[in-house]
Amino acid sequence: MNILKLGEGVAILERRREPRLKVELPFDYSRIVEREDHGGTLADANEGGLQVYIPEKLQIGDLFKIRIFAPTNSEVETIQAIAKVVWANRTKGRSGKYRYGLQLQSFYKGDLNKYKALLSGVEQRFEG
């Protein structure tokens, strides 16, 4: 058994190539074969993926159409993409909600550039 001494701790290393940016935005999602949209909240994002909160339980590996609603002061209105669930857990502080990691698979035509612009705007807001 290891006993930590004062001043020692555990280092947590970031495995992502790009750090996630904190951004709370509404988004809609639906299964690829469905037409009905469901709502959720985007918590953070980077060029490869998203962390989201939604009310229903999903399976790892599921594919979804997503539509992110940009802030009202943004030049972008919505961004559409296909995303895959890569991890999941139930949240403690948000009753009835689940937290998921979504890996971005592809974007609708022109939306990758809009997504990058959205992330750049979020990053500048925190730097400035």
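Here is a friendly talk about a predicted model of one protein chain and the reasons behind the words used for it.

User: What makes up the chain, and in which order do the elements run?

Analyst: The chain has one helix and six strands. From the N terminus on, the order is β-β-β-β-β-β-α.

User: How are the six strands arranged in the barrel?

Analyst: The barrel is closed, and its strands follow the order β1-β2-β3-β6-β5-β4 with antiparallel pairing. Neighbouring strands of this sheet are turned by 45° against each other on average, direction ignored.

User: How do you know that β2 and β3 count as a pair?

Analyst: Two strands pair if there are at least two bridges between them. Strand β2 (residues 38–45) and strand β3 (residues 49–54) have four bridges, so they count as a pair, in the antiparallel sense. You can look for Ala45, which has Leu50 in β3 as its bridge partner.

User: What joins β6 to β3 and to β5?

Analyst: Bridges again! Strand β6 (residues 98–107) pairs with β3 over six bridges, in the antiparallel sense. Leu50 has Leu102 in β6 as its bridge partner. Strand β5 (residues 78–90) is joined to β6 by nine bridges, and these two run antiparallel as well. There, Arg90 stands opposite Tyr98 in β6.

User: What holds paired strands together in general?

Analyst: Strands of a sheet pair through backbone hydrogen bonds, either parallel or antiparallel.

User: Why is the link between Arg67 and Asp28 called a salt bridge?

Analyst: The rule asks for a side-chain nitrogen of Lys or Arg within 4 Å of a carboxyl oxygen of Asp or Glu. For Arg67 and Asp28 the closest N and O atoms are 3.1 Å apart, so the pair meets the rule. The pair links distant parts of the chain: Arg67 is in strand β4 (residues 63–69) and Asp28 in strand β1, 39 residues apart. By this rule the count comes to seven salt bridges.

User: Why is Asp28 called buried, while Arg67 is called partly exposed?

Analyst: Buried means under 20% relative accessible area, and partly exposed lies between that and 50%. Asp28 has a relative accessible area of 19%, so Asp28 is buried. Arg67 has 26% relative accessibility, so Arg67 counts as partly exposed.

User: What does Asp37 have to do with Arg67?

Analyst: A polar contact of 3.3 Å joins their side chains. The cut-off for a polar contact is 3.5 Å. Asp37 lies in the loop between β1 (21–31) and β2. Leaving aside neighbours within four places in sequence, Asp37 is in contact with Asp28, Tyr29, Ser30 and Arg67. With a relative accessible area of 38%, Asp37 is partly exposed.

User: How far apart are Asp37 and Ile66 in sequence and in space?

Analyst: Asp37 and Ile66 are 29 residues apart in sequence and 8.8 Å apart in space, C-alpha to C-alpha.

User: Which residues are linked with Arg31 in a network of salt bridges?

Analyst: The network links Arg31, Glu34, Glu56 and Asp62. The side chains of Arg31 and Glu56 meet at 3.6 Å, N to O. Arg31 is in strand β1 and Glu56 in the loop between β3 and β4, 25 residues apart. Asp62 forms a salt bridge with Arg31 too, with the closest N and O atoms 3.2 Å apart. Asp62 lies in the loop between β3 and β4 and Arg31 in strand β1, so this pair ties together parts that are 31 residues apart in sequence.

User: Is Asp62 buried or partly exposed?

Analyst: Asp62 has 21% relative accessibility, so Asp62 counts as partly exposed.

User: What makes Asp44 a buried residue, and what does its side chain touch?

Analyst: Asp44 lies in strand β2. Its relative accessibility is 14%, so Asp44 counts as buried. The side chain of Asp44 makes a polar contact of 2.7 Å with the side chain of Gln51. Leaving aside neighbours within four places in sequence, Asp44 is in contact with several residues, including Arg20, Lys22 and Gly49.

User: How much of the whole chain counts as buried?

Analyst: Of the 128 residues of the chain, 33% count as buried. The accessible surface of the chain comes to about 8,900 Å², of which 49% belongs to carbon and sulfur atoms.

Conventions:
Residues numbered from 1 in each chain as written. Predicted model: local features only at pLDDT ≥ 70, side-chain atom pairs only at ≥ 80, totals over all residues. Heavy atoms only, no water. Axes fitted to C-alpha atoms, helices over the stretch in contact; angles between N-to-C directions. Buried < 20%, exposed > 50% of the residue type's maximum accessible area, 1.4 Å probe, protein only. Contact = heavy atoms within 4.5 Å. Polar contact = N/O pair within 3.5 Å; in protein donor to acceptor, adjacent residues only side chain to side chain. Areas by Shrake-Rupley, 256 points an atom, 1.4 Å probe, with all protein chains shown as cover.
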